[in-house]
Amino acid sequence: MKKLKSILLVFLAFAGFSSCSEFLEMPEVTGNVYLDDVFSNRKDTEGMLWRAYHKALRDGLPEGWGINHGTLASLSGEMTRGYSWHAGYNLVVNGPNTSEQGFPANYEESWEVIRACWLIIANIDKCGELSAEMKEYMKGEAYGLMAYRYMGMFYRWGGVPIVRQANEMSDDLNFPRATAQQTLSYTLELADEAYKRLPDSWVDIEAGSGDKWVGRLTKGVALAIKARALTFAARPLFNSAKPYTEEFGLQFGGDNQIVWLGGYDEQRYRDAIDANLAVIDWASKNGHYLIFSNGNNQANSSPSDDNANSFEQAVDDYGRGVAELNGPETLLAFKVESDQTTYNNMNEGYNFSNYVYSGERSQRGMLTNFIRLYRDKDGNDIEWPSVGDAPVPTDRNADQPEPVSADVETFEDKINKIEARFRVDICVPGSYGLSNPGDANWNQDIWYMGSFTTDPAQIGTRATEGRGIGVPTKFYYKAGGRIWLEFPLFRLAENYLYLAEAYNEIGDTDNALRYLNTIRNRAGIPSLAGVSDQATIREEIQRESALEFFEENHRYYDVKHWKCPDIGNGILGGDMTEISFFRVGGSNTYDALQSFWDAYSYTAYWHPKWFLEPFLQTEVNKGIIVQNPGY
């Protein structure tokens with residue numbers, strides 16, 4: 001299928017400013033003459049929409065301003081912090097501040113997108129080269145892109161200003177923050193307006209178009225936006241008996257309703273269930289499905305049924321689910337320029353193969369904190385060394401200083417038994433990865449695949465900071481020499497785990513386990529059965545979410561809205577550790593690896609004020625926007 005390359009290739013500019021109130025002012029360049037010119041032909045009209053797509057969907061990704069080095073995974077205890085000059089490094093060490101723009105999300109750019117979308121809605125009827133049906137579809141896309149950005153602002157900042165039009169200079173532009181409930185309601189309203197207008201599929205949307213437009217927003221995306229927004233609304237950060245400002249003693253100069261939904265209501269979980277079921281129902285009728293070789297209908301089975309994939313099936317299903325271009329599991333992806341010669345920040349953030357220049361990314365490896373979440377193929381925990389433990393042999397066949405006894409589990413032993421998702425996600429020394437088996441550029445020749453030392457005096461201490469146990473290969477399953485990726489923004493596994501979470505919170509254990517076990521079984525992990533304790537199931541759902549959505553920008557927000565008890569103790573904050581290796585010679589094979597151990601790397605920042613992002617102080621100083629609690 002063709003990629004929507006034009007989303008990235010068309011750069012028809014529309015006005016953007018550094019603040020909400022300034023952005024809402026209409027400068028002369030966007031007056032009637034300019035708008036009439038833009039909407040006089042299809043090419044320029046589409047160009048304005050493509051630019052809105054590009055800016056709307058890159059939020060939180062390395063492609064955008066502010067997060068141009070590294071990924072959000074460095075903030076959530078998945079990956080190391082990167083180099084000291086990277087955007088996320090100071091956040092990891094010192095926490096958020098009110099003077100940095102655009103990281104981890106670009107609040108100011110949201111208003112640029114929203115204004116452009118309102119201009120499209122208000123003016124697209126002027127374009128005589130578009131059919132009436134296509135104009136309605138494109139209005140639906142504009143509503144959907146606004147809903148997407150409001151959804152993100154809702155769970156990043158709480159209540160934000162509500163903008164219902166592209167304002168004129170004569171309008172009152174002093175937009176205060178709405179309440180969290182008003183922001184949620186407006187997000188759902190925009191998603192509903194999108195749903196009314198969007199098609200179920202873009203295939204043959206116009207005579208002869210074929211799959212040219214596959215990848216644009218559909219009704220399913222509008223439903224997915226609602227499902228995610230309602231799931232976040234049901235979680236403890238917003239949906240609790242008292243606001244988190246009181247729970248954590250945070251100073252706040254505004255009304256708590258801006259950052260809280262006013263109390264706990266179980267109905268919010270029921271609303272989330274309905275919304276997520278609607279996504280799965282739509283998907284089943286429109287050619288989208290969870291890729292699951294051994295049980296696509298697992299969600300209809302009983303909680304005790306076990307249709308777990310084989311290891312090989314799990315590798316292929318998960319790999320396809322996260323990386324297949326326009327795959328059946330993906331509802332929406334951020335599509336990056338496909339020119340083979342292009343080098344950009346998305347490649348730098350996610351592609352560690354030898355097909356592209358390593359650039360700034362070499363200091364990003366998986367932390368031991370996160371490795372411990374992966375299970376073995378039977379669903380059991382794996383014992384990894386802790387800081388201070390003696391080094392462990394890497395291989396039974398290497399030239400070890402002493403024979404390896406049968407009761408010692410070597411690094412090779414652990415990798416041979418670890419679950420399929422890890423083998424797709426990470427390339428490690430010795431065994432390499434399973435994303436592109438047999439391809440040296442994705443395996444033994446991959447850049448900086450782990451944290452090595454060749455100095456015996458360093459054994460037991462951290463070797464090379466940042467490389468950890470290995471580097472990510474996710475999003476590039478069977479990619480070969482393809483250097484671009486399509487970053488999944490919505491894929492159906494999300495809705496299965498959201499359903500497990502919501503059912504568990506209302507006490508429906510059978511359904512909670514049913515949807516949880518669907519994702520476990522797809523990953524080759526046996527079902528969780530015979531468990532009825534809500535807290536235990538909650539922990540398993542949260543663990544499964546972390547593993548399924550490694551590097552997909554979920555964990556950074558999930559753990560905050562769950563108010564995870566250990567959030568400051570090895571997740572967002574606390575001591576971070578890395579696996580290191582002692583190597584003899586220059587090879588990345590087991591023959592050269594002698595031993596491995598865990599070592600302290602750095603202490604990451606956490607403070608309860610970070611449950612929500614801060615606004616820029618320059619914005620707050622205008623006296624309209626109230627700063628979030630604790631800043």
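Q: In this predicted model, how much space lies in the largest cavity?
A: Rolling a probe the size of a water molecule over the atoms shows where empty space is left. By this rule there are 8 cavities of 30 Å³ or more, and the space in the largest cavity comes to about 220 Å³.

Q: Which element gives the largest share of the lining of the largest cavity?
A: The lining is made up of 21 residues, and the closest to the centre of the cavity are Tyr148, Tyr155, Arg228, Glu552 and Asn553. By kind, the lining residues divide into 11 nonpolar, 4 polar and 6 charged. Two or more residues each come from α7 (132-157), α9 (219-234), β6 and α20 (555-561), and the largest share, 6 residues, is given by α7.

Q: How far apart are the end C-alpha atoms of helix α12 (residues 311-323)?
A: Helix α12 has 13 residues, and at 1.5 Å a residue these should span 18 Å. The model agrees with that expectation, because the end C-alpha atoms of α12 are 18 Å apart.

Q: Which elements are included in what covers the buried residues of α12?
A: In α12, the buried residues are Ala314, Val315, Asp317, Tyr318, Gly319, Gly321, Val322 and Ala323. Their cover includes β1 (330-335), α16 (420-425), β6 (486-491), α18 (509-522) and α19 (534-548).

Q: Which strands stand at the edges of the open sheet of 4 strands?
A: The strands of this open sheet follow the order β2-β8-β7-β4, with mixed pairing. A strand at the edge has a single partner strand, so one side of it is left without a neighbour in the sheet, and this holds for β2 (392-393) and β4 (452-453).

Methods: Residues are numbered from 1 along each chain as its sequence is written. This is a predicted model: local features need pLDDT of at least 70, side-chain atom pairs count only at pLDDT 80 or more; totals for chains, interfaces and linings use all residues. Side-chain values use heavy atoms; hydrogens and water are left out. The expected span of a helix is 1.5 Å times one less than its number of residues. Buried means under 20% relative accessible area, exposed over 50%, partly exposed in between (1.4 Å probe, protein chains only). Contact means heavy atoms within 4.5 Å. On a 1 Å grid over the protein atoms alone, a cavity is a set of points where a 1.4 Å probe fits but cannot get out, and a pocket is an open set with protein on both sides within 12 Å along at least five of seven lines; lining residues have an atom within 4 Å of a point. Grid points are joined across faces, edges and corners, and a volume is the space filled by probe spheres set on the points. Ala, Val, Leu, Ile, Met, Phe, Trp, Tyr, Cys and Pro count as nonpolar, Asp, Glu, Lys and Arg as charged, and the others, Gly among them, as polar. Two strands pair if DSSP finds at least two bridges between them.
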